[in-house]
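Hi everyone, thanks for coming. I'd like to walk you through one structure today, so let's bring it up on the screen.

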Amino acid sequence: MMRRPVLVAVLACMAMLAPMSVASGGVTAAPRGVTVGPGGGTPGTSRNFRLVGHDPLFGRGMNAAAAIYRHYIYIGNRTDGSATCGIGDPRGPGANCPHPHPGVLIDDISDPANPHTVGEIGPPLEGNPGITSRELRVWPREKLLIVMNFRCSSVIHACQAGTDAQFPFDLAFYSLADPVHPALISTYVPTSAAGLQVKPHEMYLWQDPKRHGRALLWISTPQLTSNPAVPNMMIVDISKVPGGGPVTELAEGNWNPLFPNGGSEVAFQNDLYTHSMAPTADGRTTYLSMEGGEMLVLDTSSVVNHDPPPGTVISLSNDLISNPANRPIWGNPLPGCLKACPEGHSAVPVPGRPYVLTTDEIYGTFTDPTFGCPWGWVHMISVADPAHPQIVGEYKIAQDAQSFCGSPADDPATEQFTSFSSHNPTVLPDLALVDWHSGGLQAIDIADPANPAQAGWFSPTPLASVATEDPALSRGPDKVVLWSYPIIRDGLIYVIDIRNGLYILRYTGPHAGQVEDIHFLEGNSNLGDAVRLASPGDR
């Protein structure tokens with residue numbers, strides 16, 4: 001999530017949070033079904049999930065994304081290796097709050113009932129002051145771990161204050177030949193065709209289904225500009241990295257100028273950029289989640305069908321299938337939107353079906369006074385006609401309903417320091433698993449996309465205390481913050497709670513068979529069963 005200008009300078013890590021106004025234009029088709037799932041917002045409750053195993057990860061708090069290789073799971077860190085006290089920490093201000101085990105933790109999950117830490121990538125490689133190891137992926141075929149590092153926020157991540165020059169960003173590549181002792185191969189700073197170093201935020205790992213030795217990374221590089229020479233997304237080739245070779249940029253794009261008013265940051269309240277993206281399993285079509293511009297459909301067949309000539313970087317800026325004028329619009333479509341504003345986070349295709357599931361992510365009013373209730377939720381979008389995507393259904397939890405806003409349960413601490421907001425989804429043909437911040441893990445029956453229904457939830461019992469409380473997400477009364485893309489491995493679901501650690505779950509609700517049949521699936525790669533689930537004509 002990103003922020004508006006007043007906080008962009010303050011939120012040093014580009015925490016990527018922001019409300020927006022939606023300019024005129026777009027497709028505003030009313031959803032046929034809006035479902036409210038009552039469960040999930042109460043810690044220590046669940047339905048249709050069974051807890052198999054849990055590791056509190058030293059009670060460090062501030063856990064980030066996870067990636068699995070064989071019987072090991074690697075977990076990044078949202079904060080840094082300093083002792084900076086987060087805002088509101090009674091030990092602060094100052095450097096009186098040590099951040100234990102600040103690096104990338106390595107857990108042995110060979111016995112899912114007993115996950116336990118067996119290693120850590122620590123300083124000087126990871127866990128350094130001012131830098132978060134926010135995003136992780138693994139390319140199993142080449143025994144390659146990818147860690148995205150960038151400067152984190154002194155406001156919302158309890159990190160040491162500084163600049164990108166002091167705390168630089170990069171992708172770090174590690175060999176997992178020895179999975180407990182990863183060895184650094186190389187690092188890569190995303191660099192545009194014009195030679196501009198651009199800060200990454202999220203990434204999608206794509207292994208070519210036809211050439212398994214070829215792997216590409218889709219990287220979001222959110223930039224508040226309509227300058228077409230400054231990319232908002234890049235696609236790079238990492239195929240040669242395992243052998244010590246370079247990363248090669250293949251394509252980039254910036255679609256802000258195509259929006260109404262030329263993508264004016266005044267009209268869009270400094271909130272128009274690509275937050276994240278997900279291609280179809282075959283890579284030919286990519287769904288862009290635009291923070292202030294809902295969702296766009298992009299043709300990426302030029303990248304996946306062949307290798308461009310050496311030194312050539314393909315421009316994707318004119319390759320949209322859905323013009324921004326025809327984008328599906330939700331929330332308040334008026335300039336100056338104050339509440340229920342679109343805050344696009346993820347856009348993930350439903351495998352084998354012509355639908356996309358999108359999430360919106362909104363924090364509490366601590367980060368912005370226009371945030372808070374009703375937070376953000378899921379939209380189901382038909383892409384049967386990808387040039388004219390249509391919203392067909394919505395799914396909320398009870399805390400996202402307007403009736404919750406201002407109720408006794410929506411007390412000031414909840415409103416400021418909690419998020420009952422959707423975040424990262426892993427999607428099966430008829431079932432979506434969505435980490436929903438303080439709404440826990442939500443299982444959503446999407447067999448009828450027009451009427452998505454709650455199929456279950458899991459909200460853990462919080463730890464009594466953690467070393468670093470998330471200043472923005474767990475200072476309120478609700479101490480649950482499910483955050484990462486759920487990973488399905490051999491029928492079990494692996495999720496990360498920012499505050500409370502790693503949870504391994506078994507799902508028992510509707511469409512449980514689809515989960516049980518999965519060897520491997522995650523929402524941010526096409527590895528494992530993703531290609532099998534997608535039909536040949538999947539777009």
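How do the residues of the lining of the largest cavity divide into nonpolar, polar and charged? Eleven are nonpolar, four polar and two charged, where Ala, Val, Leu, Ile, Met, Phe, Trp, Tyr, Cys and Pro count as nonpolar, Asp, Glu, Lys and Arg as charged, and the others, Gly among them, as polar.

Before going on, a word on the model. It is predicted, so to speak of local features we need pLDDT of at least 70, and side-chain atom pairs count only at pLDDT 80 or more, while totals for chains, interfaces and linings use all residues. Residues are numbered from 1 along each chain as its sequence is written, and side-chain values use heavy atoms, with hydrogens and water left out.

Back to the cavities. By cavity I mean a set of points on a 1 Å grid over the protein atoms alone where a 1.4 Å probe fits but cannot get out; lining residues have an atom within 4 Å of a point. Grid points are joined across faces, edges and corners, and a volume is the space filled by probe spheres set on the points. Searching the whole structure gives six cavities of 30 Å³ or more.

The largest has a volume of about 180 Å³. Its lining has 17 residues, and the closest to the centre are Tyr204, Val348, Pro349, Ser525 and Ala530. Strands S16 (274-279), S20 (344-349), S24 (424-427) and S31 each supply at least two lining residues; strands here are DSSP runs of E, at least two residues, numbered from the N terminus.

The second largest cavity is about 70 Å³. Among the residues lining this one are Trp330, Trp375, Trp377 and Asp360, and by class its lining has seven nonpolar, three polar and one charged.

Now follow S31 into its sheet. Five strands form an open, antiparallel sheet in the order S3-S30-S29-S28-S31, with pairing meaning that DSSP finds at least two bridges between two strands. S3 (49-55) and S31 (520-522) each have a single partner strand, so one side of each is left without a neighbour in the sheet. Inside the sheet, S29 (492-497) and S30 (501-507) pair over five bridges, and Ile496 has Leu502 in S30 as its bridge partner.

Last stop: Asp445, in strand S26 (441-445). Its side chain reaches the backbone nitrogen of Ala447 at 3.0 Å. Where is Asn318 from here? The C-alpha atoms of Asp445 and Asn318 are separated by 36 Å.

Methods. Helices (H or I, at least four residues) and strands (E, at least two) are DSSP runs, numbered from the N terminus. A polar contact is a pair of N or O atoms within 3.5 Å; within protein, one must be able to donate a hydrogen and the other to accept it, and residues adjacent in sequence count only if both atoms are side-chain atoms. On a 1 Å grid over the protein atoms alone, a cavity is a set of points where a 1.4 Å probe fits but cannot get out, and a pocket is an open set with protein on both sides within 12 Å along at least five of seven lines; lining residues have an atom within 4 Å of a point.
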